[in-house]
Amino acid sequence: FKNGKPHPWSKDVSSFIVYPEAANQTIYSPRLEENDVGNYTCILRNETHTIHHNIELRLQDKLDNPMPTFQPKDLAVHVGESVRFYCEAFVGNLYLPDATNQIQWMQMFDDKPHSIIDGEQVNVTREDGQIIGSYLSIPIIQAHHYGRYRCQIVSGNSAQPLELNVLLSPSELTTMSDSELSILVYIAATLLFALVVLVICIYRTVNQRAADKKDNNKLCSAQFIAGHADHHESV
């Protein structure tokens with residue numbers, strides 16, 4: 001969609017077409033025009049979920065500052081898990097031969113940047129170096145990793161850096177819903193009832209065996225006495 005209008009578009013709406021060699025719905029324009037400016041929306045949908053991704057396209061003669069093309073997302077993870085952040089920006093072409101583009105991840109403490117412990121940064125480029133990005137990977141999260149991180153992008157064409165912030169926080173314990181709590185209470189009550197029944201059965205069995213043993217002892221004693229009396233009479 002462009003400004004709410006579905007693809008395909010007439011030339012007075014947008015010059016973008018679906019890239020013929022792409023397996024997905026990638027759109028491109030061989031030459032941007034003024035009427036290409038606007039808001040583009042990509043919608044992914046299945047039977048249960050719908051995802052919207054919005055992109056604003058603007059045209060300018062010269063890039064003053066880096067423009068973000070991908071914002072890193074806040075994450076909440078447990079200790080021992082791994083995380084990966086990604087940031088990206090359009091920096092355009094460099095107009096000076098000694099100018100360079102830089103992108104760097106930092107961990108922020110009291111709003112001051114510090115180097116990242118146990119983290120790996122991998123920088124990437126695309127569109128002939130006009131878009132630069134960086135992955136930050138932390139394989140095993142420890143307590144000191146929690147906090148705010150900053151992706152700083154500096155273009156050789158401008159003195160104003162682009163700073164993209166993201167928060168890494170510990171995962172919170174999930175609360176049970178009423179239905180889940182009811183099921184848990186029912187299971188606990190059932191197990192408790194079964195345990196009580198088992199204890200009663202064991203108690204009765206033990207008592208019954210003790211009573212049977214006592215009766216057997218009495219019977220044996222009576223037989224012994226009777227046999228002893230018969231022996232005396234025969235003598």
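Visitor: Which residues make the nonpolar surface patch of about 720 Å²?

Guide: Patches are made of residues with over 30% relative accessible area and no salt bridge, nonpolar side chains (Val, Leu, Ile, Met, Phe, Trp, Tyr) being joined within 5 Å and like charges within 9 Å; a salt bridge puts a side-chain nitrogen of Lys or Arg within 4 Å of a carboxyl oxygen of Asp or Glu. Here the patch is made by Leu192, Leu195, Val196, Leu198, Val199, Ile200, Ile202 and Val206. This is a predicted model, in which local features need pLDDT of at least 70 and side-chain atom pairs count only at pLDDT 80 or more, while totals for chains, interfaces and linings use all residues. Residues are numbered from 1 along each chain as its sequence is written, and side-chain values use heavy atoms, with hydrogens and water left out.

Visitor: Is isoleucine 202 buried, partly exposed or exposed?

Guide: Buried means under 20% relative accessible area, exposed over 50%, and partly exposed in between (1.4 Å probe, protein chains only). Isoleucine 202, in helix H1 (residues 178-234), is partly exposed at 48%.

Visitor: With which side chain does the side chain of arginine 150 make a polar contact?

Guide: A polar contact is a pair of N or O atoms within 3.5 Å; within protein, one must be able to donate a hydrogen and the other to accept it, and residues adjacent in sequence count only if both atoms are side-chain atoms. For arginine 150, which is buried with a relative accessible area of 13%, the partner is the side chain of glutamate 163 (3.4 Å).

Visitor: What is the relative accessibility of serine 15?

Guide: Serine 15 has 17% and counts as buried, and its side chain makes a polar contact with that of serine 29 (2.7 Å).

Technical notes. Accessible areas come from the Shrake-Rupley method with a 1.4 Å probe; for residues, only the protein chains shown count as cover. Helices (H or I, at least four residues) and strands (E, at least two) are DSSP runs, numbered from the N terminus.
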